[in-house]
Amino acid sequence: MTVVDSVWAKRIRGLWTGRLKFRPNPPGKNSVQPPFHPARAEEGFHPPPGAGCASERMLYSHDSTDSSGGTIIGDVIVARDLEKRFEDLIAVDRIAFRVREGEVFGFLGPNGAGKTTTMKMIQCVSPKTGGTLQVFDMDVDTHPREIKSRLGVVPQETNLDPDFSAYRNLLVYARYFGIPKREAEQRAEELLTFMQLEEKRDVPIDKLSGGMKRRLIIARALINAPELLILDEPTIGLDPQARHLIWETLRSLQAEGNTLVLTTHYLDEAERLCDRLVIMDHGKILVEGAPADLIREHAGSDVVEVEQTPEVIARLTGLGVNYDLAGDVLQVFTDRPHDVARELLEVCRHEAVTVRPATLEDVFLRLTGRRLRE
Ligand SMILES: Nc1ncnc2c1ncn2[C@@H]1O[C@H](COP(=O)(O)OP(=O)(O)OP(=O)(O)O)[C@@H](O)[C@H]1O
Ligand SMILES: [Mg+2]
């Protein structure tokens with residue numbers, strides 16, 4: 001049984017019921033929502049009492065125009081000229097991005113690119129040193145408590161409390177959000193089941209495998225029914241089964257209308273999950289877009305790979321075809337792979353030439369290079 005189909009997935013949706021009450025039409029992938037307007041109260045749209053002021057809780061606070069022209073879509077995060085310095089080091093170098101409500105937005109980049117630093121500024125745990133950053137239409141410097149109460153965070157480092165069991169970790173975390181005890185207990189039980197950890201309920205943290213700890217951290221991030229989930233390498237070190245479970249979980253959370261921001265070094269994961277993403281390097285954003293668009297733009301449709309020999313280089317040079325060097329292999333990024341392959345087969349062995357579709361990994365390596373980072 002998959003997570004999305006499971007009874008528990010349906011039960012867990014109950015955690016979001018309170019919030020969904022004032023999401024009259026939870027947006028899914030690519031959905032377009034009108035901005036909230038007081039006049040909508042006449043259509044039966046009423047924020048529940050005690051839900052915070054309308055301007056704080058409304059979903060469509062930062063409006064922007066989408067590429068199709070004129071349509072209003074809410075932005076959950078807006079960064080402009082965002083900078084983070086650690087003394088002489090500029091870890092995040094005046095970047096700008098917008099995360100739209102209901103989308104999965106990815107941050108990719110080599111080690112040290114500035115992804116975690118950016119995540120920490122969004123989480124209001126590391127103050128920016130320049131620019132502006134708004135989350136839910138609130139400034140991270142002036143409204144950290146309000147922002148944090150609506151966030152779920154999966155940090156890059158596993159930081160569960162080793163003195164407690166899986167269940168107790170969830171309960172203790174629920175206290176930070178002031179969730180009443182009985183409600184916290186119910187949520188903790190449901191979340192353990194949602195992440196398929198119910199059998200590990202009373203097991204101490206040091207007796208859990210790496211994958212179980214990662215799943216528990218995701219369960220913990222959901223304890224306050226967050227609208228925005230920040231996931232810093234959520235599937236690091238997991239086996240394929242656990243990765244698929246987490247992908248299904250993230251998709252079902254998105255289907256509920258949540259916004260997800262994630263970093264990952266698994267480019268196939270980014271390609272599957274992200275509606276849009278940025279590739280960062282040395283603190284700067286190099287490109288932004290939907291995975292398929294980035295692949296088309298920066299790698300073309302296909303890659304012809306061929307063993308490097310003087311004859312191959314001479315033929316490609318004669319044809320005026322550009323190529324990249326990947327170890328002993330030459331890569332030709334092209335929209336006409338079979339024409340290129342046919343030419344190459346005249347000067348090398350049949351097995352030496354392969355044609356495959358271009359991937360996000362090709363884009364990543366072309367833009368950030370192959371040199372290992374410090
Ligand atoms: N607290 C800190 N003090 C000083 N330098 C820091 C601090 N935190 C991060 N850095 C530096 O900022 C830069 C960006 O680090 P960051 O952790 O954001 O990278 P990352 O993209 O998340 O990398 P990775 O993929 O390895 O997790 C690095 O050069 C790092 O050494
Ligand atoms: Mg990191």
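Two strands pair if DSSP finds at least two bridges between them, and the elements themselves are DSSP runs, with helices (H or I) of at least four residues and strands (E) of at least two, numbered from the N terminus. This is a predicted model, in which local features need pLDDT of at least 70 and side-chain atom pairs count only at pLDDT 80 or more, while totals for chains, interfaces and linings use all residues. Residues are numbered from 1 along each chain as its sequence is written, and chains are lettered from A and ligands numbered from 1 in the order in which they are written.

In this sense strand S12 (residues 302-307) and strand S14 (residues 329-334) pair in the antiparallel sense over 6 bridges, with Gln331 in S14 as the bridge partner of Glu305. They belong to an open sheet of 4 strands, in the order S13-S14-S12-S15, whose pairing is antiparallel. Strand S13 (324-326) and strand S15 (353-357) stand at its edges with a single partner strand each, so one side of each has no neighbour in the sheet.

Another open sheet has 6 strands in the order S7-S8-S9-S4-S10-S11, and its pairing is mixed. Here the edges are taken by strand S7 (151-154) and strand S11 (284-289), each of which has a single partner strand, so one side of each is left without a neighbour in the sheet. Strand S10 (residues 276-281) pairs with S11 in the antiparallel sense over 5 bridges, and Leu277 stands opposite Gly289 in S11.

Helices H11 (residues 291-298) and H14 (residues 360-368) pack at an angle of about 55°, with their axes 9 Å apart; axes are lines fitted to C-alpha atoms, for helices over the stretch in contact, and angles run from 0 to 180 degrees between N-to-C directions. H11 and H14 are therefore oblique to each other, since angles under 35 degrees count as roughly parallel, over 145 as roughly antiparallel, 65 to 115 as roughly perpendicular and the rest as oblique. Where they meet, Pro291, Leu294, Ile295 and His298 in H11 face Leu360, Val363, Arg366 and Leu367 in H14, contact being C-beta atoms, placed from the backbone, within 7 Å.

Around ligand 1 lie residues including Phe86, Asn111, Lys115 and Gln156, a residue being near if its C-beta atom, placed from the backbone, lies within 6 Å. H4 gives the largest share of this shell, 3 residues.

Methods: Contact = placed C-beta atoms within 7 Å.
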